[in-house]
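Student: I have a structure to go through and would like to take it piece by piece. Could we look at the loops, then the helix packing, then a pocket?

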Amino acid sequence: MSKTILVVDDEARLVSVVRGYLQDEGFKVVTAVNGREALFVSREEHPDLIILDLMMPEINGWEFMRLHRAKNNTPIIMLTARVEDVDMVAGLEMGADDYITKPFSPRELVARVRAVLRRTEKTAVSPTKTVRIGNLELDDESRTLKVNGRYVDLTKMEFDLLATLMGSPGRAFNRLDLLERTQGYAYDGYERTVDVHIKNLRKKIEPDSSKPTYILTSFGVGYRFNPDL
């Protein structure tokens, strides 16, 4: 069965081009022109992935993510014409899985879509495995995390990063390696996204995120999970 992609953007020409490329690759494509319409379409169509413009009328991309993420964990790739770090960081902190700036190559966008879907499918068929370290309990089958016995919500990217780090305590992973392992691809210049996701993870699992005890920084390299817990 073909995957359904929801494309949300108020630029008709861009939507037409993206829809054409995705349909040529065998995807079913549904569209919306603003966040309000996207909320309705997502409830009706249950897309496997959402391509989301941030700057839209009525309900913008940030507000859509806030409302959508309250009940859904659909992978989201942000589209933005603005390249400031603050936009990328804000989107990732609200639960986006990836981002791409306009103008972009439709072929690159299709590659990103396939990579995110591969990652989703891979984790969906992972064998049952529960990892317990310190006060953390990570369950691969249900894709859930407990901290001190209480469930903590993670985005797909946050879960995959934590699973990778917890799977090899003490090993220092560089940012590109983490991107490759969690997203299926790695591009120079996108390492910053890892930092944002790690920051979000620390806020959710650390007693004091300013003094992390679980996810440690390996200076000059990247990150590692504390092997001494």
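Student: Where does E58 lie?

Tutor: E58 lies in the loop between β3 (49-53) and α3; helices (H or I, at least four residues) and strands (E, at least two) are DSSP runs numbered from the N terminus. This is a predicted model, in which local features need pLDDT of at least 70 and side-chain atom pairs count only at pLDDT 80 or more, while totals for chains, interfaces and linings use all residues. Residues are numbered from 1 along each chain as its sequence is written, and side-chain values use heavy atoms, with hydrogens and water left out.

Student: What is phi of E58 near?

Tutor: Phi of E58 is near 65°, a positive value in a residue other than glycine. Most residues other than glycine have a negative phi, and most peptide bonds are trans.

Student: On peptide bonds, is the one from K102 to P103 cis or trans?

Tutor: The bond from K102 to P103 is cis, with omega near -5°, and P103 is found in the loop between β5 (98-101) and α5 (106-124).

Student: Now helices. At what angle do α2 and α3 pack?

Tutor: Helix α2 (residues 35-45) and helix α3 (residues 61-69) pack at an angle of about 30°, with their axes 9 Å apart. Axes here are lines fitted to C-alpha atoms, for helices over the stretch in contact, and angles run from 0 to 180 degrees between N-to-C directions. That angle makes α2 roughly parallel to α3, given that angles under 35 degrees count as roughly parallel, over 145 as roughly antiparallel, 65 to 115 as roughly perpendicular and the rest as oblique.

Student: And which residues of α2 and α3 meet?

Tutor: G35, A38, L39 and S42 in α2 meet F64, L67 and H68 in α3, where contact means heavy atoms within 4.5 Å. By class, this contact of α2 with α3 has four nonpolar, three polar and no charged residues; Ala, Val, Leu, Ile, Met, Phe, Trp, Tyr, Cys and Pro count as nonpolar, Asp, Glu, Lys and Arg as charged, and the others, Gly among them, as polar.

Student: How do the axes of α6 and α8 cross, at roughly what angle?

Tutor: The axes of α6 and α8 come within 10 Å and cross at roughly 80°, which means that α6 is roughly perpendicular to α8. The contact is made by M157, E158, L161, L162 and L165 of α6 together with H197, I198, N200, L201, K204 and I205 of α8, and by class it has seven nonpolar, two polar and two charged residues.

Student: Last topic: what volume does the second largest pocket have?

Tutor: Its volume is about 250 Å³. On a 1 Å grid over the protein atoms alone, a pocket is an open set of points where a 1.4 Å probe fits, with protein on both sides within 12 Å along at least five of seven lines, and lining residues have an atom within 4 Å of a point; grid points are joined across faces, edges and corners, and a volume is the space filled by probe spheres set on the points.

Student: Which lining residues are closest to its centre?

Tutor: Of the 15 residues that line the second largest pocket, the closest to its centre are R69, D153, L154, T155 and K204. Helix α8 gives the most to this lining, with three residues.
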